[in-house]
Amino acid sequence: MSAKSTIIRDLPTVTAEMRCGAVFELMRQYESGPAFAVLDSADWPVGLIARHALLQALAHPVTYALYENRPVRLLMNRDPLVIEAEDTIDRVSERIANDHPDAVDDGFIVVEDGRYLGIGTVLALLNSSVQNARTQIAELEVARTVAEHANQAKSTFLANMSHELRTPLNAVLGFADLLATGTAGPVSDRQAEYLRDIQSSGQRLLDLINDLLDLSRAESGRLDLVETRVDPTCLIEEVQRMLAPRVLGADIVFATEIATDAWVTADERKLLQILMNLATNAVKFTPSGGSVTMGAELQDDGGMLLWVRDTGVGIPSEELETVMTPFGRGREAMARQIEGSGIGLALTRVLVELHGGHLFLESAPKQGTTACAVLPAERTLQTKNEDQEQQQLSAGG
Ligand SMILES: Nc1ncnc2c1ncn2[C@@H]1O[C@H](COP(=O)(O)OP(=O)(O)OP(=O)(O)O)[C@@H](O)[C@H]1O
Ligand SMILES: [Mg+2]
């Protein structure tokens with residue numbers, strides 16, 4: 001919005017030689033203006049005569065006699081703020097604040113194409129700013145609604161698409177399984193090997209589709225937690241069991257360091273997925289001969305810290321943020337052609353945040369990585385023993 005919107009247009013102008021008494025009379029007829037512009041013969045502003053300056057000089061009988069017949073140039077401000085009609089409101093505000101505080105009371109002169117246009121006031125300036133803000137808020141509101149609709153459309157698309165993809169994929173996996181078990185007749189070793197490829201690739205695709213669907217659901221706030229009392233130690237042991245074949249194949253030492261027996265209130269399936277994603281990364285990005293350790297401990301504030309530490313390739317600091325975003329993969333992962341699509345950490349972060357917690361990585365190239373998922377203190381339950389005692393007590397009472 002430009003300064004034009006701040007102008008009072010119907011105010012008369014005066015000349016520098018006009019008598020103060022005459023200008024005073026004129027001003028009494030125009031209550032709305034804080035000042036008149038003083039123009040030269042070429043209609044160019046040479047000063048501003050403010051209402052209060054004129055009143056001050058003419059209000060007293062003695063000074064009235066002194067100034068009544070004197071030219072108004074004696075009382076005018078010779079260096080008023082003059083702005084272009086096209087100046088922005090922000091620019092005008094800036095000039096008032098920096099060079100012309102007098103304009104707050106007296107107003108300022110607005111010119112256009114070298115011609116006087118009118119007197120601007122700070123009150124009108126404020127009004128325009130408010131309108132500006134209102135317009136911007138309305139525009140933002142529209143943009144937000146559009147974005148929300150687009151997000152909704154994306155989620156619906158993903159949900160439908162996933163369904164369409166999952167149905168035939170499950171059939172592919174089912175038939176591959178049927179063939180592999182020999183139900184449809186004997187298969188050669190080579191055929192069995194191809195069937196295993198079909199199964200593992202199909203499973204990877206299915207996992208990816210499910211992850212994408214979860215991510216989009218979580219982003220649109222439609223992924224709900226099914227909360228129960230969960231023992232983190234059990235989950236860590238389950239992850240260890242599930243990853244055992246891979247760990248063995250990769251010649252990695254897998255250890256645990258459980259420093260608490262406290263339980264947490266959490267969505268068990270999602271917490272398992274969080275730990276599984278972090279541990280899978282640790283195993284995947286650790287060359288043979290290395291080690292992966294999972295742990296649980298209580299923080300000083302009572303929050304539950306679940307961590308996975310590895311001695312693998314590590315992540316450079318400039319990649320720590322991008323690897324957490326959807327499809328963000330590190331240079332090392334791509335250079336070594338390590339399988340993956342970059343969804344795991346993004347989904348893991350969303351799942352941890354859904355629990356009110358936060359996920360962070362500590363890492364350096366070749367130094368290994370520690371991934372930490374912190375659940376807030378209000379999710380931590382009493383220790384197992386206390387918990388059982390309490391249950392027994394309440395059962396007895
Ligand atoms: N423990 C780790 N050590 C080294 N780099 C890691 C580790 N965990 C994650 N990264 C880096 O972060 C990137 C993103 O991880 P993320 O789990 O999101 O994706 P991914 O494992 O590549 O694929 P996906 O999990 O979808 O199968 C990885 O590609 C890798 O570059
Ligand atoms: Mg991963």
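# Questions and answers on a predicted model

Biologist: In helix 7, about how many helical turns separate R217 and D214?
Modeller: Start by counting along helix 7, which covers residues 189–219. Keep in mind that this is a predicted model. Because R217 and D214 are 3 residues apart within that helix, the separation is about one helical turn.

Biologist: Which kind of link do the side chains of R217 and D214 meet in?
Modeller: R217 is partly exposed at 30% relative accessibility, while D214 is buried with a relative accessible area of 8%. Their side chains come to 3.8 Å, N to O.

Biologist: Nice! How many residues apart are R379 and E227, a pair that links distant parts of the chain?
Modeller: These two also form a salt bridge, with the closest N and O atoms 2.9 Å apart. R379 sits in the loop between strand 14 (368–375) and strand 15 (380–383), whereas E227 belongs to strand 8 (residues 227–230). R379 counts as buried at 11% relative accessibility, and E227 is partly exposed at 41%.

Biologist: How many salt bridges does a search of the whole structure find?
Modeller: Besides the pairs we have discussed, some salt bridges share partners, joining E141, R144 and E148 into one network. Searching the whole structure gives a total of 12.

Biologist: Let's look inside. Which residues touch the most other members of the largest nonpolar core?
Modeller: In soluble globular proteins, nonpolar side chains tend to be buried together. Here the largest such core has 43 residues, and its largest share, 8 residues, comes from helix 9 (residues 268–284). Not counting residues up to four places away in sequence, L271 touches V230, L235, V264, A266, L306 and L375. The members touching the most others are L271 and M294.

Biologist: Is H100 buried or exposed?
Modeller: H100 is found in the loop between helix 4 (89–98) and helix 5 (103–106). Leaving aside neighbours within four places in sequence, H100 is in contact with D79, P80, L81 and R95. Its relative accessible area is 8%, and since the cut-off is under 20%, H100 is buried.

Biologist: What about the surface: which residues form a nonpolar patch?
Modeller: One member, M161, lies in helix 6 (residues 122–180) and is partly exposed at 36% relative accessibility. Together the patch members have about 280 Å² of accessible area. They are F157, M161 and L165.

Biologist: One last one. What percentage of residues 123–150 is helix?
Modeller: UniProt, in an unreviewed entry, lists these residues as "coiled-coil region". In the model, the end C-alpha atoms of this span lie 40 Å apart, and strand makes up 0%. The helix share is 100%.

Notes. Residues are numbered from 1 along each chain as its sequence is written. Chains are lettered from A and ligands numbered from 1 in the order in which they are written. This is a predicted model: local features need pLDDT of at least 70, side-chain atom pairs count only at pLDDT 80 or more; totals for chains, interfaces and linings use all residues. Side-chain values use heavy atoms; hydrogens and water are left out. Patches are made of residues with over 30% relative accessible area and no salt bridge: like charges are joined within 9 Å, nonpolar side chains (Val, Leu, Ile, Met, Phe, Trp, Tyr) within 5 Å. Accessible areas come from the Shrake-Rupley method with a 1.4 Å probe; for residues, only the protein chains shown count as cover. A salt bridge is a side-chain nitrogen of Lys or Arg within 4 Å of a carboxyl oxygen of Asp or Glu. Helices (H or I, at least four residues) and strands (E, at least two) are DSSP runs, numbered from the N terminus. Buried means under 20% relative accessible area, exposed over 50%, partly exposed in between (1.4 Å probe, protein chains only). A nonpolar core is a set of buried Ala, Val, Leu, Ile, Met, Phe, Trp, Tyr and Cys residues joined through side-chain atoms within 4.5 Å. Contact means heavy atoms within 4.5 Å. UniProt positions are given in the numbering used here, feature names are shortened, and annotations may be inferred rather than shown by experiment.
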